[in-house]
Structures are given as structure tokens and as C-alpha cells.
Amino acid sequence: MDCISKYFPDLNTKQQEQFEKLKPLYSEWNAKINVVSRKDIDALYERHVLHSLAIAKVMPFLPAAKVMDVGTGGGFPGIPLAILFPDTEFYLIDVIAKKIKVVNEVVKGLGLKNVKAEQRRAGTFEERFDFVVSRAVTNMPDFVKWVRKNTLKNSNHELQNGILYLKGGDLTEELALFPNAKQHPISDFFEEAFFETKKVVYQPLKYKK
């Protein structure tokens, strides 16, 4: 928890309590359904929670905004972001039912009222959101194809509606087709060695009918 408080010192009491509950909740459910690698459970706050919150350093979501987390797995980055932005609406999807079961149990355990999680496949529906977030579920060209019809027409944030994507390594080739994509090194926000090669990639998406 210390690494969360270090970079987000303005958390209220409820948010602090919710973040503190993450470790016991994930430890309990991971023993039943493996959604976080065993070796990462001890480093949950750095490798999963803080990593997810890097998106908040690029884009603080507004109240009443709508955000979709595609391929959420065990609830990352959606659940930590939902704690940080309690007035923003989050929709978490994954194709694997047992992962969504864990997500819903964690959401219930935290008392989050701004999260809906369902077993769904990206690219099969046309609900629209301000931003689509994800953590390295596929390459950017394929991801854009999946979600290109899922952004709202009107942008209310500082950035145009689009994708906020957590990914690491050299992304030069992967992003060659996206001249408007911007890479934000997470090491600019967090000093831990784990983040040295990791980035938040922002890709605006033009509204499509």
C-alpha cells in the first residue's frame, strides 16, 4: 500500500480502505481461481495496482465519464481506476467467465458502485465510451479494430476520446500505423525499476457511425 500512498497522497479514507482490501481479496480468490500469477501476489500493489494507476497520471477521468476495460483479466486496470475515480462509470469485460466471477466478487467485497463486469468479447457490440483502457491484450492494430466503434462522439476531457493502453518494450513497429499515438513512459511517474520499460500509450479514436 505504501507505493500507492506515495504517488496518490490525496486519497480519502474510503479509498485508502478499499485499496488496503485488495491484497486480502485477491489472495483469497486467487487461491480458488488463478487470475494473478502466484509470484505477483506478493507484489500486487506495485505490479498490478500501481501499474494500472499509471493511466490516471496521463488522464484523470471526469465525473460521469464512461470507461471500458477490455480483457480485464482479474480486474486490471479497471478496478484500481474505479477506486481512484468513484464518480466515473467503468465497464469491465473479458471472454473468460471465471475471471469475470473473480472481478465481480472483488467489486462486491470493495463495495464499488461504479463498476459493471460482464463476460463479453470486444468487437461484438457498439456501446460507446469516453475511453477504452487495457493492459497489453494484443497488438495495437488489432486492438483498434476491436474497439474503433466504441468511442463517444463528443470529447469532454483534455484529450480526445480514445485508447489508453498499458504496454512495455519497443513499440516503434507496432505503432507505425498510428502517427497520432503518444507514448508516456511510466518511469516519468513512478521511480520503481519495474516500470523502466513500461508505457501508457494514448491513441485518439475518431468517432465512427
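I began with the term I needed at once: a residue is buried under 20% relative accessible area, exposed over 50% and partly exposed in between, with a 1.4 Å probe and protein chains only. The model is predicted, so I kept in mind that local features need pLDDT of at least 70 and side-chain atom pairs count only at pLDDT 80 or more, while totals for chains, interfaces and linings use all residues. Residues are numbered from 1 along each chain as its sequence is written, and side-chain values use heavy atoms, with hydrogens and water left out.

Entry one, helix H6.
I took helices (H or I, at least four residues) and strands (E, at least two) as DSSP runs, numbered from the N terminus. Which residues of H6 are buried? I found Ile 100, Val 102, Val 103, Val 106, Val 107 and Leu 110. Seen down the axis of H6, these buried residues fall within an arc of 155°, so they line one face of the helix; the arc is that of the directions from the helix axis to the C-beta atoms. I noted beside this that an α-helix has 3.6 residues a turn, so residues three or four places apart point the same way.

The buried residues of H6 pack against helix H2 (13–30), helix H5 (78–84), strand S2 (89–94) and strand S3 (115–119), where contact means heavy atoms within 4.5 Å. I also checked the length of H6: at 1.5 Å a residue, its 14 residues (97–110) should span 20 Å, and the end C-alpha atoms are 20 Å apart, which agrees; the expected span is 1.5 Å times one less than the number of residues. After H6 comes Gly 111, with a positive phi near 75°.

Entry two, aromatic rings.
Rings of Phe, Tyr and Trp (its six-membered ring) pair if their centres lie within 6.5 Å, and planes under 30 degrees apart count as stacked, over 60 as edge-to-face and the rest as tilted. By this rule I have 13 aromatic pairs. In one of them, Tyr 7 and Phe 190 have ring centres 4.6 Å apart and planes at 55°, so this pair is tilted. Tyr 7 lies in helix H1 (residues 2–7) and Phe 190 in the loop between strand S6 (182–185) and strand S7 (198–204), so the pair ties together parts that are 183 residues apart in sequence. Both Tyr 7 and Phe 190 are buried.

I then turned to Phe 61 and Phe 90, an edge-to-face pair with 6.1 Å from centre to centre and 80° between the planes. Phe 61 is in the loop between helix H4 (44–58) and strand S1 (66–70), and Phe 90 is in strand S2, 29 residues apart. Phe 61 is buried at a relative accessible area of 5%, and Phe 90 is buried at 1%.

Leaving aside neighbours within four places in sequence, Lys 116 is in contact with Phe 90, Tyr 91 and Leu 92.
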